[in-house]
Amino acid sequence: MEKNIENRAAVRQYLEKIKFSAKRMSSLITDVLKYSQLSNTDNLFVEVDLNKIIEIVKQDYDLLIEEKHAEINYTKLPVIKAIPVQMQQLISNLMNNALKYADKKPVIEISFQSLHKDEDKNYPQLN
């Protein structure tokens, strides 16, 4: 990053990224405050597109991804009923750990698999 200090386009790109990240952080803080004030979490569950969450998290880590020459692959993920801030935090933590503890050129694969009807008996806590 320091090598690009004279490159006005690169500097502008970094400033835009900082501004965008600060805006999202502010939104995240607002969501966390809302979450902490509510005793009924049922109201917080909404339709969450996991594909969009991954793209947001990839943007957060784009410099680290570039630095590590990482490859992030994912299949089309479902839209689920969840708390958006929790899903973003979950994906962010997983991606951060994968990038932080990988050697060179990590390949991160993200996929999902639906349970078959007979498999869901093993997880009675799921509805």
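Predicted model: local features only at pLDDT ≥ 70, side-chain atom pairs only at ≥ 80, totals over all residues.
1. **The largest pocket.** Its volume is about 360 Å³. The lining has 18 residues, and those closest to the centre of the pocket are Arg24, Leu28, Ile56, Asp60 and Gln88.

2. **Where the lining comes from.** Helix H1 gives the largest share, 6 residues. At least two residues each come from H1, strand E1 (46-49), helix H2 (50-60) and H4. By class, the lining of this pocket holds 9 nonpolar, 5 polar and 4 charged residues.

3. Met25, Ile29 and Leu33 together make a nonpolar surface patch of about 290 Å². Leu33 sits in helix H1, which spans residues 8-37. Is Leu33 buried, partly exposed or exposed? Leu33 counts as partly exposed because its relative accessibility is 48%, and the exposed class starts over 50%.

4. **Positive phi at His69.** Most residues other than glycine have a negative phi. His69 is not a glycine, yet its phi is positive, about 55 degrees. His69 lies in the loop between helix H3 (62-68) and strand E2 (71-74). With 55% relative accessibility, His69 counts as exposed.

5. **Positive phi at Lys105.** Which value does phi of Lys105 take? Phi is near 50 degrees, again positive in a residue other than glycine. Lys105 is placed in the loop between helix H4 (84-101) and strand E4 (107-110). Lys105 is exposed, since its relative accessible area is 58%.

Key:
Residues numbered from 1 in each chain as written. Heavy atoms only, no water. Patch = residues over 30% accessible without salt bridge, like charges linked within 9 Å, V, L, I, M, F, W, Y side chains within 5 Å. Areas by Shrake-Rupley, 256 points an atom, 1.4 Å probe, with all protein chains shown as cover. Salt bridge = Lys/Arg side-chain N within 4 Å of Asp/Glu carboxyl O. Helix = DSSP H or I, 4+ residues; strand = E, 2+ residues; numbered from the N terminus. Buried < 20%, exposed > 50% of the residue type's maximum accessible area, 1.4 Å probe, protein only. 1 Å grid on protein atoms, 1.4 Å probe; cavity = no way out; pocket = protein on both sides within 12 Å on 5 of 7 lines; lining within 4 Å. Points joined across faces, edges and corners; volume = space filled by probe spheres on them. Nonpolar A, V, L, I, M, F, W, Y, C, P; charged D, E, K, R; others polar.
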